[in-house]
Amino acid sequence: MIPSGPFDVVVIGAGPAGSSAAIAAARAGGRVLLAERSCFPRTKVCGCCLGPAGVAALGRLGAATALDGALPLSSVRVRAGVRSIALARSGGVAIGRDQLDARLVDVARDAGVAVLHGVRARVRREGRVELAADGSADITTVRCRTAIVADGLGGTSLDEAPGFAWRIARRSRMGFGAVLPSGAVDCPGGEIRMHVARGGYIGVVRLPDGSLDIAAAAAPTQVRAMGGVAACAHAMLGDDVRSRHALEHAAWRGTPLLTRTRRRIAAPGILVAGDAAGYIEPFTGEGMTWAITAGAAAGALAATDPSPDRAWPAIHARCARGSRIRCRALASVLRAPGLVGALLGAACLAPRPFEWFAGTIGREVHG
């Protein structure tokens, strides 16, 4: 049953950005509704890694329990062709998205947020959000002071709101991923494995239950040429694959084209956060950190500022500006596997600068 309004904040989407926004808004004193189209638990295409900045952000949010049992990470191994190097990168954790998302919703509920699952949402105009049980034609209009849209790359809640269309990068890659059984791919616990190949890259990390999360970004033309995502993953992983059968029979999921921005991320009564606000290929594994940080900032702002749309673009830009610039630069380098191989060769000869760089990824910047 959809609760009656009005609400101070309605959040659409219960991923890391949406749940963080709902928690922050509730802790700031707002009456908050969190609406999610999926029923949990659900799996998502995700690298399933959270860096030190993301861990710290959840701590500030009072949501550190969401990471109970997460697997600590200590290194990242990057491979291109025959060259590879392992670099220390401590302070982060690996946790399945199905587990993290469900736990963050529990924290939101404990903070006083009204939570709805299996509900689709549409932002119609300032102060109005339409909600309906998925598959039902019955619509309930809920009044709110601010709607925070955090429904990801494939969300539809802003489709009829003017001015929020996507700009998609011309050379944008698609994402795909799956969770494989332990032993399907060579990857020890505590290590992130990244393979860079022509047309894309793929990452592997062991989850707390021993299963393996696989996430990749590749040119759609490359995926088609390979005959599908399983074959593409096998080609990129190379001799780290231990069970071709596991790859061929995995429940692969895809994403829309990745690198994109919104024409606007705020309007009176509307804020956009997380992947729904814009996305770039996060080779550095910082996607969830950006989502949590931006979501929490949006929730706190929406609950305390009567006109949050005025301040949101500048606040959003500050949330992850430095790390996004670095990630854009890396994404450009990764389109040249030969250059990556040469850099790895240099790293083998003089590892310290590369270890320093790897150590800065996912860490908080103070000052």
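I began with strand 13 (residues 174-180) in this predicted model, and found that 6 of its 7 residues are buried.

Next I looked up its pairing. Strand 13 is joined to strand 16 (residues 212-218) by 7 bridges in an antiparallel arrangement, and within that pairing I noted Phe176 opposite Ala216. Strand 13 also runs antiparallel to strand 17 (residues 253-257), here through 3 bridges, where Met174 has Leu257 as its bridge partner.

I then traced the whole sheet, which is open and has 7 strands in the order 6-5-14-15-16-13-17, with mixed pairing. Strand 6 (83-88) and strand 17 each have a single partner strand, so one side of each of these edge strands has no neighbour in the sheet. I noted an average twist of 15° from one strand to the next. Elsewhere in the sheet, strand 5 (residues 75-80) pairs with strand 14 (residues 191-197) in the parallel sense over 6 bridges, and Arg79 stands opposite His195 there.

Which helices lie across these strands? Helix 5 (residues 229-237) lies across strands 13, 14, 15 and 16, at about 80° to strand 15, while helix 10 (residues 337-349) lies across strands 5, 6 and 14, at about 60° to strand 6.

Last, I checked the nonpolar cores. The largest has 92 residues, and Leu34, Leu131, Ile148, Val272 and Trp312 have the most contacts inside it; helix 7 (residues 287-304) gives the most to this core, with 8 residues. A second, separate core of 25 residues includes Met174, Phe176 and Ala178, together with Leu237. I also listed the contacts of Leu131 beyond four places in sequence, among them Ile2, Leu33, Leu116, Arg120 and Asp138.

Key. Residues numbered from 1 in each chain as written. Predicted model: local features only at pLDDT ≥ 70, side-chain atom pairs only at ≥ 80, totals over all residues. Heavy atoms only, no water. Buried < 20%, exposed > 50% of the residue type's maximum accessible area, 1.4 Å probe, protein only. Helix = DSSP H or I, 4+ residues; strand = E, 2+ residues; numbered from the N terminus. Pairing = 2+ DSSP bridges. Core = buried A, V, L, I, M, F, W, Y, C linked by side-chain atoms within 4.5 Å. Contact = heavy atoms within 4.5 Å. Axes fitted to C-alpha atoms, helices over the stretch in contact; angles between N-to-C directions.
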